[in-house]
Amino acid sequence: IKHWSYSSLIAYLRNPLAWYKRYVEGVYDTPQTPSSFVGRAGHVALQHFYGGMGKEASVSLGREYLKRVSDFEIDFGKAESTREKKHKRDAMEKEYLQAISFYLARPPRYKVLGIEVVSVASVEGLPLPIKAISDLVVQSETHKGSVDIVDHKFVDSFSALGAEKPLFVIQAIFNYYTVLSEYKKPVRRFILQECKKKKNR
């Protein structure tokens, strides 16, 4: 492999064989969960929203992304018939629209410097470069001349450990070094916005 990324490292730790197929052989035919596509649709909407587009147009583009996903890309679980799959897709769209409307009802405001920033960095002591994609790189509100990184996650429930969650810490490390290399400014915070997809009872 040419570099390590957060997603690649976590995939390796979970299943080395599946990691090899995807990241070494470059075979990307493994179906993904409906939840992962809902999250991606949310990212599409927020990418356009923070790029200056209006709420309705941004939501519409996320919805279009979801509609373009082919059935063979989705792991439908026990749903096998055309009717069952359609029901599952309808549920995905409903979940997406609910989640993104919750977020955009009162979206955080930032002075955005970069959206979906893809960067690679060489870190002293590591034999391979590291790569990361940062949802947003923004001006730090706490330290003048510095930047913060914002990452969005669409979840069923909030993480109990919060900022202490090991996976969050590992992701923050990857994003820290890559944004530092890209912007040549101190990186102060890695802000995780967990967007709950379901309304509390």
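This is a short talk on one predicted protein chain, from its overall build down to two residues.

Okay, ground rules. The model is predicted, so local features need pLDDT of at least 70 and side-chain atom pairs count only at pLDDT 80 or more, while totals for chains, interfaces and linings use all residues. Residues are numbered from 1 along each chain as its sequence is written, and side-chain values use heavy atoms, leaving out hydrogens and water.

So, the big picture. We've got six helices and five strands; those are DSSP runs, at least four residues of H or I for a helix and at least two of E for a strand, numbered from the N terminus. Starting at the N terminus, the order is β-α-α-α-α-α-β-β-β-α-β. The C-alpha atoms fill a box of roughly 55 × 40 × 30 Å along the principal axes. Of the 201 residues, 35% are buried, meaning under 20% relative accessible area, with exposed over 50% and partly exposed in between (1.4 Å probe, protein chains only).

Now, Val-24. You'll find Val-24 in helix H2, residues 16–24, and at 37% relative accessibility Val-24 is partly exposed. Leaving aside residues up to four places away in sequence, Val-24 touches Ile-1 and Trp-19, where a contact is heavy atoms within 4.5 Å. Ile-1 is 23 residues from Val-24 in sequence, but C-alpha to C-alpha they're 6.1 Å apart.

Last stop, Tyr-176. Is Tyr-176 buried or partly exposed? Partly exposed, with a relative accessible area of 32%. Tyr-176 sits in helix H6, which covers residues 166–183.
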